[in-house]
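Please look through the model below before reading my points.

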Amino acid sequence: MRLIDEALAGNQRALARLATHIENDTEIGQQAVAALYARTGRAHIVGITGPPGAGKSTLVNALIGQARADGRRVGVLAIDPTSPLSGGAVLGDRIRMLERHGDEGVFIRSLASRGRRGGLAPAISGLIHLLDAVGFDLIIIETVGVGQEEVDAAAVVHTLVLVQMPRSGDAVQVLKAGVLELADIFVVNKADLGGAEELARELRGMVAMAPSESRWRSPVIVCSAVSGQGIDDVLAAIDDHRRYLTDSGELARRQQSIAAAEVKTLVASAVDRLLRDSSASVAPPVEDVAQRRQTPRAAALEIIRSLALNR
Amino acid sequence: MSTSDTGSEAAAGWLAPSERSRPIRVLIAKPGLDGHDRGAKVLARALRDAGFEVIYTGLFQSPEMIATAALQEDVDVVGLSILSGAHLSLFPRIMEALRERGVDDVLVIAGGTIPDEDVPELKRLGVAEVFGPGSSLRSIVEYIRRHAPVRDDIAQ
């Protein structure tokens with residue numbers, strides 16, 4: 001396909017067009033991922049997550065600069081929420097990433113979450129494959145601003161960075177379960193505001209107490225994405241984690257779990273679509289459940305059986 | 001060197017291209033040096049509420065920044081708000097920067113304080129429509145709906 005050849009040759013216009021096809025799950029998009037998949041598996045995929053306003057986009061911008069300084073090509077997928085009311089979205093992450101507009105080694109794409117929860121977008125995996133295949137060394141996924149429970153990003157990346165800012169809660173916050181347990185690297189941003197060292201201390205205490213089977217101890221790094229202070233430490237920690245994954249054999253396990261998560265998501269979305277498209281065949285068992293003639297579980301099993309037979 | 005992608009033929013229909021209908025994507029940017037982005041923000045919000053995906057890049061954008069964003073985001077529409085009076089010097093550079101990057105099929109619209117007598121020149125440069133002060137948000141939304149380019153290879 002001409003678009004694929006051009007994208008592989010470094011043409012950003014073709015790359016952007018393919019991204020649109022993949023984002024919208026078109027025939028061309030599916031063909032592109034199929035043709036390119038064998039070329040994937042080389043990039044380091046890093047997730048940047050954290051609450052709204054913690055400085056994720058500004059940190060991504062600083063990391064782009066740092067990674068470009070040693071010649072790495074950087075792809076960014078930045079996700080913002082879709083309005084549940086209108087289906088529209090304002091995607092504003094790019095506003096903090098405009099510095100490197102003339103740089104062919106950087107590609108930034110804004111994505112709307114389009115109904116997917118967990119801080120990601122429906123086509124995230126296909127778009128990661130695209131950027132990986134055309135040769136980006138570092139792929140950064142910036143999630144929607146998240147709270148404590150959105151942990152989906154951990155299932156699509158090699159390295160998960162949780163960005164927090166000082167003075168956003170007391171010590172109890174660091175005891176909470178969820179994304180705190182999954183972060184490979186903690187970043188305390190906005191060091192210029194004060195209070196950063198206190199938060200870092202609490203996080204370090206939490207990391208030290210956490211039961212862990214792996215030899216990786218999540219580092220806690222204080223930085224200021226605006227001034228650039230500590231950004232080299234953040235990128236060094238990201239690289240350290242990649243080295244740890246490779247040396248320990250953990251990388252192969254992560255590749256496995258990333259593949260498993262993507263395949264499961266596809267199966268789940270196929271079942272979703274079948275249920276939507278075949279509401280007629282779902283209706284009788286559901287009616288039986290409402291009339292108490294059948295249990296919900298029995299009806300579900302009946303539907304699964306009929307879906308499998310109908311194809 | 002493609003990887004096997006078919007799986008069982010019988011089940012392939014389950015994951016056929018969903019061709020989900022695609023929101024219109026619009027880049028809203030403010031070229032030049034005036035610091036007034038209230039109008040651009042209000043418009044971004046209105047376009048979101050109309051169901052569009054709006055990439056908002058804010059103030060002080062150079063022609064190159066705008067063209068790169070339009071290129072990488074693969075938008076359908078570029079909306080530019082100018083209140084500095086520099087439109088006659090900025091728009092030729094923006095249209096040129098878009099052309100240089102092969103972005104030749106976007107709908108470019110302009111808003112802000114642009115005198116009527118300058119509108120023909122902007123249209124000659126390739127700006128599709130100019131929305132001056134007092135234009136209703138609804139008229140802009142409707143204009144985009146009617147004129148956003150239709151891509152024959154992607155459902156809209």
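The numbered points below take up the sheet and then the helix pair.

1. The model is predicted, and the points should be read with that in mind.

2. Chain A holds an open sheet of seven strands, paired in parallel, whose order is S4-S2-S5-S1-S6-S7-S8. At its edges are strand S4 (106-112) and strand S8 (220-222) of chain A, each of which pairs on one side only. From one strand to the next the twist averages 20°.

3. Within this sheet, five bridges join strand S1 (residues 44-49) of chain A to strand S5 (residues 138-142) of chain A, in the parallel sense. His44(A) has Leu138(A) in S5(A) as its bridge partner.

4. Helix H8 (residues 231-248) of chain A packs on the sheet. The strands of chain A that H8 touches are S1, S5, S6 (159-164), S7 (185-188) and S8. The directions of H8 and S7(A) make an angle of about 175°.

5. In chain B, how do the axes of helix H1 (residues 38-49) and helix H5 (residues 137-147) cross? They come within 10 Å and cross at roughly 55°, and H1(B) is therefore oblique to H5(B). The crossing of H1(B) and H5(B) is right-handed.

6. Which residues meet where H1(B) and H5(B) are in contact? From H1(B) come Val42(B), Leu43(B), Ala46(B) and Leu47(B), and from H5(B) come Leu137(B), Ile140(B), Val141(B) and Ile144(B). By class, this contact of H1(B) with H5(B) has eight nonpolar residues, with no polar and no charged ones.

Key. Residues numbered from 1 in each chain as written. Chains lettered and ligands numbered in written order. Predicted model: local features only at pLDDT ≥ 70, side-chain atom pairs only at ≥ 80, totals over all residues. Heavy atoms only, no water. Axes fitted to C-alpha atoms, helices over the stretch in contact; angles between N-to-C directions. Helix = DSSP H or I, 4+ residues; strand = E, 2+ residues; numbered from the N terminus. Parallel < 35°, antiparallel > 145°, perpendicular 65-115°, else oblique. Left-handed = near helix turned anticlockwise from the far one by under 90°. Contact = heavy atoms within 4.5 Å. Nonpolar A, V, L, I, M, F, W, Y, C, P; charged D, E, K, R; others polar. Pairing = 2+ DSSP bridges.
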